[in-house]
Amino acid sequence: MEVVLTADETLMSNHHGKEFLGFGTTSPPNWLPEWLFRYLFFPKIKKVNGQPWQAPYGLRKIEAKLIDAGIDASVVYPDDIANHGAKVLGIYVMDPFGWGPSSTTFAGIMKTGEPYNAKYFELLFKSKAYKKFKEEGGRTIVGGPGVWQFKYNMKFADRYKIDCIYDGEAEKDIVELFHKALNGEKLPRYIEKLPNEAPSLDEIPDIKKPSVNGLVEIGRGCPRGCKFCSVTLRPLRWYPYEKIEKEIKVNVEAGVRGGILHAEDVMLYGVKSVIPDEEKVLKVNELAKKYYDTISWSHASFAAVAAKPKIIEKVAEIICDEKQKWWGAEMGIETGSAELIRKAMPAKAKPFKPEQYPEIVKEAAGVMTDNNLIPACTLITGLPEETEDDVIKTIELIDDLKDFKSLIVPLFFVPMGKLKDKDWFKEHEMNELHRELLIKCLQHDIKWVKIIANEYFQERKRDIFLKPFYALFVKIIEWQGKKKGVLE
Ligand code: SF4
């Protein structure tokens with residue numbers, strides 16, 4: 001084999017087929033022993049013919065691109081990188097040093113060390129397999145959505161002899177880069193692609209082997225323009241149905257029975273505006289449900305749900321059946337302050353006005369609860385423009401959402417997108433209002449996680465065995481919360 005591709009062990013897992021459990025990898029070590037925590041949140045993915053059954057979607061795209069170009073490449077488990085005589089290793093990263101919003105928030109609150117994702121990322125480079133690969137003259141290229149963190153930690157790249165770091169959507173010129181690496185040519189140390197250099201739809205290959213939890217992209221980019229987000233800088237592209245169907249078939253034929261439709265806002269499938277197109281959204285969901293037993297969405301927006309609530313009712317009729325009672329999505333509430341929306345997220349509320357935003361969130365929450373869409377929501381706190389009044393408004397909104405069947409996770413601001421030159425928001429900068437916001441979210445989540453977990457772990461027989469362990473984890477958090485006077 002000429003090229004092997006891999007990721008650390010927190011990413012080479014399908015989290016028991018439940019994508020949301022992947023959030024657990026951003027937690028630092030805690031009261032559960034590591035072996036048990038690992039088993040619960042990132043068990044090793046099984047191998048089929050010596051290779052991982054499922055692999056991160058981004059790795060599968062690069063694998064497909066290299067194979068199409070005639071390069072002998074395959075995704076392997078990290079233990080196996082030195083077993084194939086490959087000359088080049090590609091490593092995919094999401095949050096390599098635990099500096100992403102979820103990891104920094106967890107670490108800041110729990111104060112029990114570096115998160116598991118960072119720990120296991122470094123373990124990959126300390127492994128015997130990696131050392132052997134380098135001793136034999138192998139070259140290392142790192143890429144993926146979390147690669148920006150290397151800008152602040154090139155010493156890590158020096159320490160582990162990483163040859164090249166690729167920052168951006170890679171399909172356009174990754175083949176040329178791997179050819180150079182295979183030919184022993186000098187590689188640029190850090191490649192940073194501009195948004196206008198993103199690949200066109202024709203340049204993005206279809207995956208050839210199954211992705212983690214049957215995830216398939218339906219599009220890339222986002223029209224909403226939030227200042228703290230790097231996705232928004234990229235052009236908006238939607239995949240045609242045929243392309244989506246091909247990738248779903250790859251997964252289903254390999255035995256993957258559930259899938260995730262991935263886009264920054266599934267409700268905006270096929271449009272260049274912020275008004276959902278009912279026919280297109282229904283058609284793409286029907287397509288996925290035709291093949292998969294269960295489906296969920298990666299992301300959606302409150303504004304799009306509020307703009308076309310009927311679509312949610314109709315999608316519920318497509319998705320919810322005897323095989324699944326509800327579906328999930330990650331959704332950014334971000335703030336309850338219209339003022340902050342105006343300043344930092346100019347198109348977040350569209351087609352509504354920023355001053356309508358808190359009402360839109362409540363309205364959409366009602367629609368989702370009525371139709372069995374249970375989201376994991378995020379809030380962003382510590383934005384450079386944030387005032388005390390903004391935090392108060394967010395606290396008020398969380399109070400109003402107490403009957404909203406959901407999880408709400410506050411995330412500290414991390415410098416990205418148009419705000420990439422600003423400073424990180426750190427735990428020591430939290431004031432009383434930030435603390436109150438965190439406590440409100442914890443209270444909301446403890447209440448709902450018990451109810452949601454009941455439904456989450458009743459679809460398959462083996463989940464019944466796992467359920468008590470997650471219940472124990474929630475109990476421990478609740479006990480700690482009470483001990484520290486956070487929960488009543
Ligand atoms: S809506 Fe989400 S993906 Fe789109 S720009 Fe805002 S944060 Fe980024």
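Helices (H or I, at least four residues) and strands (E, at least two) are DSSP runs, numbered from the N terminus. The model is predicted: local features need pLDDT of at least 70, side-chain atom pairs count only at pLDDT 80 or more, and totals for chains, interfaces and linings use all residues. Residues are numbered from 1 along each chain as its sequence is written, and side-chain values use heavy atoms, with hydrogens and water left out.

**Exercise 1. Decide how enclosed strand β1 is, and find its partners.**

Step 1. Buried means under 20% relative accessible area, exposed over 50%, and partly exposed in between (1.4 Å probe, protein chains only).
Step 2. In β1 (residues 3–7), 5 of the 5 residues are buried, so the strand is largely enclosed by the rest of the structure.
Step 3. In a regular strand the side chains alternate between the two faces of the sheet. From β1, Val-3, Leu-5 and Ala-7 point one way, while Val-4 and Thr-6 point the other way.
Step 4. Strands pair if DSSP finds at least two bridges between them. β1 runs parallel to β4 (residues 73–75), joined by 3 bridges, and is also parallel to β5 (residues 88–92), over 5 bridges.
Step 5. Val-3 has a bridge partner in each: Ala-73 in β4 and Val-88 in β5.

**Exercise 2. Describe the backbone and burial of His-15 and His-16.**

Step 1. His-15 lies in the loop between β1 and α1 (34–41), and His-16 lies in the loop between β1 and α1.
Step 2. Phi is near 50 degrees for His-15, a positive value in a residue other than glycine. For His-16, phi is near 60 degrees and again positive.
Step 3. His-15 is buried, with a relative accessible area of 7%; His-16 counts as buried at 6%.

**Exercise 3. Which residues does Phe-97 touch?**

Step 1. Phe-97 lies in the loop between β5 and α3 (101–110) and counts as buried at 11% relative accessibility.
Step 2. Contact means heavy atoms within 4.5 Å. Not counting residues up to four places away in sequence, Phe-97 touches Ala-118, Phe-121, Gln-149, Phe-150, Asn-153 and Phe-156.
Step 3. Tyr-120 is 23 residues from Phe-97 along the chain, and their C-alpha atoms are separated by 9.6 Å.

**Exercise 4. Describe how domain 1 and domain 2 meet.**

Step 1. Domain bounds come from an automatic or database domain assignment, which gives domain 1 (3–197) and domain 2 (213–483).
Step 2. The contact takes 35 residues from domain 1 and 43 residues from domain 2.
Step 3. Buried area is the accessible area (1.4 Å probe) that two parts lose on being put together, summed over both. Between these domains it is about 3500 Å², and carbon and sulfur atoms give 65% of it.
Step 4. The C-alpha centres of the two domains lie 25 Å apart.

**Exercise 5. Which residues surround the ligand?**

Step 1. A residue is near a molecule if one of its heavy atoms lies within 4 Å of it.
Step 2. The ligand is surrounded by Cys-222, Arg-224, Gly-225, Cys-226, Phe-228, Cys-229, Thr-232, Glu-264 and Lys-348.
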